Each structure stands twice: as C-alpha cells, then as structure tokens.
Amino acid sequence: MNAIADRAAYYARIAVEAANVAQLEDGGHARWGYIGDGVQQAFNLPGAGTIFAPSYIVGIDGVLQDPDNYTITYGDPYTLNMSVPVPAGSEIVIVSIKGITGATGPIGPIGPIGPSGGPTGATGLPSPAGGIRWAFTSDGSNTLYALPGAFSTLNTAYLVTYDGVTQDPNNYTIAAGSPYSITLSTAPAAGVGIVIVSLNGIQGATGQQGTPGGATGATGPVGPSFPSGGLRWAYTGNGSQTVFNIAGASTTLGTAYLVAVDGITQDSANYTITAGSPYTLTISTVPNGSVIVITSLTVGLANWITGFGSPNGVVTAPTGSVYTNLTGGSLSTLYVKESGSGNTGWIAK
C-alpha cells in the first residue's frame, strides 16, 4: 500500500514540475507549487533571481508563512529551504513578489549645436526595493508598532499577517513619521505573531538621453519614483458568485494580486484575471457569507496622471492613483490618492 502511495506522490511531483516549467516558458511571474512528503525541505525555484526571502510569498495549504521560516539559496536553479519539512500531502505554493518599473524621466531640452556633446538625461529616481520585514509578538493590548525604513502611508503597500493569516488592509492604517508606524484597528490576542512585509516596487527606469551635439544642453529632469502597493476590492460571497469586478486594475497577471478568503491566502493558480471595463477576477465559488479581499501588488500605469498644479479639488480619480505636478516643464510635487472616490483625498509625497 505504501509503495502505491509513494508512486502516486512521485507522479504528482512530476506533474507539478512540468506545470512550473510551462508557466515560466509562457513568460509569467514566477510561481512554483509542490506536494510535501513529510521529509523534503528544499524546493527548486527555476527562474528565480534573488536570495532575499521577503521577496517571495510562501503558503502551505493556503496559510502564509513567515519569511523567517525559510531561506533562499543561490544556484542553478535557486532553491527555497524550509526550516522544517512540509507535512506529507500538504501543498506548498511559492510566488515571487515582482514590482513594476518606475516611470521614465521626460526628455531633456535640446541644447544648441556645438563642438561637444551635451550631457545625458538624469537617471529616474529609484523606488526603494521591496521586502522590508518587521515582526512583533502581541501583548494583547498594543495596537501601535514602529516601521523603521517604511516610506508609504498607503495601507495596501503592506502585507500584514497574524500567525500566518492575511489581514484585510481596512483593518490597519499607516502614519508618516520618523519612523513610520502602523496602527491596528484592534489588538490581537496575547502571544499572536504579527508579521508585516512591505510590497514596494523596483527601481525606476533611466531618464532618456539628451540629444548629442549641444555644448551646454540641459539635462532631463529626474523621473518620478513609482509608489508601492495598489488597489483593494472586497466582496461577501453568496455561494454562487464566481466573477468579481476589480475596477482600476491594469494587468491580467494572477501573481500581481493577493487574494484572501476569510483571511486565508489563495493560490494564484485558482483564479484568473480578465481584461475589460472593468477588469474582472474569476475564482471558484466563494462560500456564502465569506469575505473575499483582493489587493493589487502594484499601482497600474493606467492610474498615473500628469498635469499642472495641485490635483486637490480638481482631479477626479480612483483611490491608488498617482499624480505628478509639472511646473514649467519640470517635475514638482508627487501626489498619491489615498482615500475618497471623487476629487479629494490627494496626499503630497
């Protein structure tokens, strides 16, 4: 009987490996899935590109794992090493958190023709790399925690878990300061482990070069930083609905979204994103009364707006939109819409 079970597990692992390779060949975000055998702790990550543990979301049977419980080893391929074996029959799903590239800096003015080439445009301002992690143990009463190194007040720019269960971004707020801080709506029970991971984007693109030939051609202005985090949608299941609108979304890549049902993170292989007006997410039936929360891990380019002057009271856009203020052809203030649905809620960064 054990030989039959071992053979079934062997073929299951082969099928999973084949699915992983097929996904990478399709050019998608990196996602890997395996079935635990109660012994294995190291899992291959073909196509991975960083050993930074918080750059990966790891779930076992849908429960998010603390990045302290695994390490990434460089190699061909890279490998993920769990601190303890994955239980036999349990599914481990690993997804890379891939930010998007910042906006390209505008073209620098062309200098007058001269004997020497003009300087190149400045490099786009980088957004800090994602993956900063903070961990705390609840004392049953504290709701305020410091986040040294954080830089955004957008709550969807952070992944918060209690003992591995993902929390709804509506249940906490982020405040600017030295350092930034997070305030929880209610204190978890004493002894509960709180893990917070930033979901920031990657470095912005290099500004475009000024045209050669100008002796004193001006450099292009610095490209704006691309803020982290994204939009949030929440619904209550009725037992039959499978399609949910995600207005403001701008990508059909499943791994660009974090989906949780009653706080349990869902495998990105279990839902699909369809382009449209609006985009939609299709998932297997959400149980009646269960809450599904969908969070985008990046701000879509469709929500990037450029204009003159302050957007406050003037520009109508959905929450999560980004506005760059141009003054005299140069980039000035960067605004992020953090609340409201009309022309209010713009915060200068």
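So, is aspartate 168 buried or exposed? Aspartate 168 is buried, because its relative accessible area is 18%, and buried here means under 20%, exposed over 50% and partly exposed in between, using a 1.4 Å probe and protein chains only.

Quick housekeeping. This is a predicted model, so local features need pLDDT of at least 70 and side-chain atom pairs count only at pLDDT 80 or more, while totals for chains, interfaces and linings use all residues. Residues are numbered from 1 along each chain as its sequence is written, and side-chain values use heavy atoms, with hydrogens and water left out.

Okay, salt bridges. The term means a side-chain nitrogen of Lys or Arg within 4 Å of a carboxyl oxygen of Asp or Glu. Searching the whole structure turns up four of them.

Back to aspartate 168: its partner is arginine 232, with the closest N and O atoms 2.6 Å apart. Arginine 232 sits in strand 15 (residues 232-236) and aspartate 168 in the loop between strand 11 (165-166) and strand 12 (172-175), so the pair ties together parts that are 64 residues apart in sequence. Strands, by the way, are DSSP runs of E with at least two residues, numbered from the N terminus. Arginine 232 has a relative accessible area of 24%, so that one is partly exposed.

Next, arginine 133. Its side chain meets that of aspartate 66 in a salt bridge at 2.8 Å, N to O. That pair links distant parts of the chain, 67 residues apart: aspartate 66 is in the loop between strand 4 (63-64) and strand 5 (70-73), and arginine 133 is in strand 8 (residues 133-137). Aspartate 68 also forms a salt bridge with arginine 133, at 3.2 Å between the closest N and O atoms. Aspartate 68 is in the loop between strand 4 and strand 5 too, 65 residues from arginine 133. On accessibility, arginine 133 counts as partly exposed at 23%, while aspartate 68 is exposed at 55%.

Strand 3 (56-60), strand 10 (158-162) and strand 14 (193-198) each supply at least two lining residues.

Definitions and conventions: Helix = DSSP H or I, 4+ residues; strand = E, 2+ residues; numbered from the N terminus.
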